[in-house]
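Here's a protein to explore through a few questions and answers. Have a look at the structure, then follow along.

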Amino acid sequence: MGGTFSSGDDKGEGSPRDGEEEGDDDSEDDDPNSGFDMEQRSRPSRWGTLVGDILARMRGNDPEWTVARLSGKRLGVDGAVDIFDAMQTNTRVRVLEVASNGIRGASVLPVARCVYENEQVLELDLSGNPLGSHGIHALVEPVLHNNALTRLVLANVNIGNDECRDLADILHFNHSLTDLDLCQNHIAKAGAGHLGASLPYSFTLTRLALGYNQIGNEGLVALAKGMPSNRSLQVLDVGNNALDGGGLSEFLSALSETEPPLETLDLSENKLTDEGVQELGAELANSLPNLKALGLRNCDLTDEGVKQLCVNLHAARLENGGRLQLTSLDLSENAITANTIQDGVCRLLTGRRYVTLSATALTPRSAGQQSPQQTPRQTPRSERSTSSLTHLDLTLNPLGQAGGVALLEAVRACPGLVSLYYGGTNIPEDLDRQLHEHVLNHRKAANLPTLWEARRSRGR
């Protein structure tokens with residue numbers, strides 16, 4: 001985000017704008033366009049042409065321009081000011097993305113005026129701009145009175161616990177916002193507490209993203225205290241927040257008597273460990289029976305924990321009238337081997353563990369030769385699974401050939417599985433091809449697009 005378009009003699013310091021002081025932390029040195037004087041900006045140039053074209057379309061209410069993607073254009077303060085001034089009267093743009101453009105806190109007033117005046121914009125992305133406390137304070141009142149904005153992205157904008165108090169007011173009083181993204185900030189326990197206290201008063205928020213903060217176990221429990229009275233929140237992202245299994249257990253215990261509507265829980269990149277997830281299946285059935293998607297990417301899990309998790313998830317689905325109907329499970333980037341596929345994943349997908357084939361079944365075949373044990377076959381109807389799982393991510397786990405053989409048998413018996421990712425698992429090419437073909441057949445049977453790639457290198 002730093003730097004300028006100019007070099008050498010073109011560099012210079014810009015003068016402070018209205019509302020800024022010489023000693024303010026938000027210095028002009030960070031403005032990508034501070035090296036241009038007004039005469040330079042009036043000439044045709046990379047900066048002038050870009051902003052001029054954007055302003056012309058905005059002021060002209062271009063009917064074909066409903067999504068304005070301006071992220072990373074290095075607009076700087078002056079460019080952003082002109083654009084948001086033009087947006088105050090624009091009635092066409094519905095999605096406005098201005099991420100990573102050097103918009104600083106003391107210069108956010110035009111953004112605030114735009115939010116206050118323009119109720120046509122439904123989504124606003126300000127991520128990657130160092131708004132800080134000045135920026136959030138300026139935005140709160142306009143967002144409170146905006147009855148159209150549904151999505152607000154404030155990821156990586158340099159805010160912490162104090163700013164969460166202002167954001168809590170937005171959740172409390174605004175009744176249009178459905179999606180709030182606060183990832184990659186400095187939010188800890190106190191900030192999570194402010195947000196949790198506002199959840200009982202929010203009737204529209206369906207997604208709250210807090211990934212890559214530092215809320216910790218106590219912050220997660222503080223969030224849970226506000227969730228029993230909330231009937232709208234469906235997606236909660238608390239990935240990479242210094243959580244462990246103990247905090248997760250407390251979180252679920254706090255929800256056990258209320259059955260909140262949460263459908264997606266992302267716990268990725270927390271050190272939950274095997275001990276933390278072994279009883280997770282049973283706890284989810286009691287606390288989050290509406291859960292559909294569970295993210296456990298890179299959570300320091302091995303065979304011991306994941307096998308027990310799969311067994312418990314399967315049992316939870318069968319017990320209590322099948323209350324827990326999980327459809328998506330992300331286990332990528334852990335340390336799962338063929339043993340977990342055989343004893344855990346196969347049970348989750350088919351209802352039974354995999355019976356290891358003879359050694360000859362795992363012998364690599366020579367060119368042009370096909371092993372009969374790995375030849376595609378029609379799974380008997382009596383063997384087919386009734387699993388609710390449709391999406392499974394096993395990327396970057398050392399499954400190897402034995403894991404590939406077991407996974408192939410499970411996929412054959414689970415026609416509902418229409419999305420499977422296993423890149424970086426050391427599955428041989430012949431098994432890779434057969435797995436891919438089976439999942440594609442499942443997608444065709446479900447009338448889903450077949451432009452799908454199973455071999456992606458990462459799980460997220």
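Q: How do H3 and H4 lie to each other: roughly parallel or roughly perpendicular?
A: This is a predicted model, so keep that in mind as we go. Helix H3 covers residues 76–87 and helix H4 covers residues 109–117, and they pack at an angle of about 15 degrees with their axes 8 Å apart. Angles under 35 degrees count as roughly parallel. That's why H3 and H4 come out as roughly parallel.

Q: Which residues of H4 make the contact with H3?
A: H3 passes H4 in a left-handed crossing. On the H3 side, the contact uses Val 81, Phe 84, Asp 85 and Met 87. Their partners on H4 are Pro 110, Val 111, Arg 113 and Cys 114.

Q: How many nonpolar residues are in the contact of H3 with H4?
A: Sort the contact residues by class and you get no polar ones and two charged ones. The nonpolar count is six.

Q: How do H6 and H7 lie to each other: roughly parallel or roughly antiparallel?
A: Helix H6 (residues 161–173) and helix H7 (residues 189–198) have axes that come within 8 Å and cross at roughly 10 degrees. The cut-off for roughly parallel is an angle under 35 degrees. H6 and H7 are therefore roughly parallel.

Q: How many polar residues are in the contact of H6 with H7?
A: H6 brings Asn 161, Cys 164, Arg 165, Leu 167, Ala 168, Leu 171 and His 172, while H7 brings Ala 190, Gly 191, His 194, Leu 195 and Ser 198. By class, six of the residues are nonpolar and one is charged. The polar count is five.

Q: Which handedness does the crossing of H9 and H11 have, left-handed or right-handed?
A: Helix H9 spans residues 245–254 and helix H11 spans residues 280–287; their axes come within 9 Å and cross at roughly 25 degrees. H9 and H11 are therefore roughly parallel to each other. As for handedness, their crossing is left-handed.

Q: How many charged residues does the contact of H9 with H11 have?
A: H9 supplies Leu 248, Ser 249, Leu 252 and Ser 253, and H11 supplies Leu 280, Glu 283, Leu 284 and Ser 287. Four of the contact residues are nonpolar and three are polar. The charged count is one.

Q: Which strands are the edge strands of the open sheet?
A: The sheet has 12 strands with parallel pairing, ordered E1-E2-E3-E4-E5-E6-E7-E8-E9-E10-E11-E12.

Q: Which residue of E12 stands opposite Leu 392?
A: Strand E11 (residues 391–393) and E12 run parallel and are joined by three bridges. Across from Leu 392 in this pairing is Leu 420.

Q: How many residues apart are Asp 179 and Arg 151?
A: The whole structure holds 14 salt bridges. In one of them, the side chains of Asp 179 and Arg 151 meet at 3.4 Å, N to O. Asp 179 sits in strand E5 (residues 179–181) and Arg 151 in strand E4 (residues 151–153), so the pair links distant parts of the chain, 28 residues apart.

Conventions
Residues are numbered from 1 along each chain as its sequence is written. This is a predicted model: local features need pLDDT of at least 70, side-chain atom pairs count only at pLDDT 80 or more; totals for chains, interfaces and linings use all residues. Side-chain values use heavy atoms; hydrogens and water are left out. Axes are lines fitted to C-alpha atoms, for helices over the stretch in contact, and angles run from 0 to 180 degrees between N-to-C directions. Helices (H or I, at least four residues) and strands (E, at least two) are DSSP runs, numbered from the N terminus. Angles under 35 degrees count as roughly parallel, over 145 as roughly antiparallel, 65 to 115 as roughly perpendicular and the rest as oblique. A crossing is left-handed if the near helix is turned anticlockwise from the far one by less than a right angle, and right-handed if clockwise. Contact means heavy atoms within 4.5 Å. Ala, Val, Leu, Ile, Met, Phe, Trp, Tyr, Cys and Pro count as nonpolar, Asp, Glu, Lys and Arg as charged, and the others, Gly among them, as polar. Two strands pair if DSSP finds at least two bridges between them. A salt bridge is a side-chain nitrogen of Lys or Arg within 4 Å of a carboxyl oxygen of Asp or Glu.
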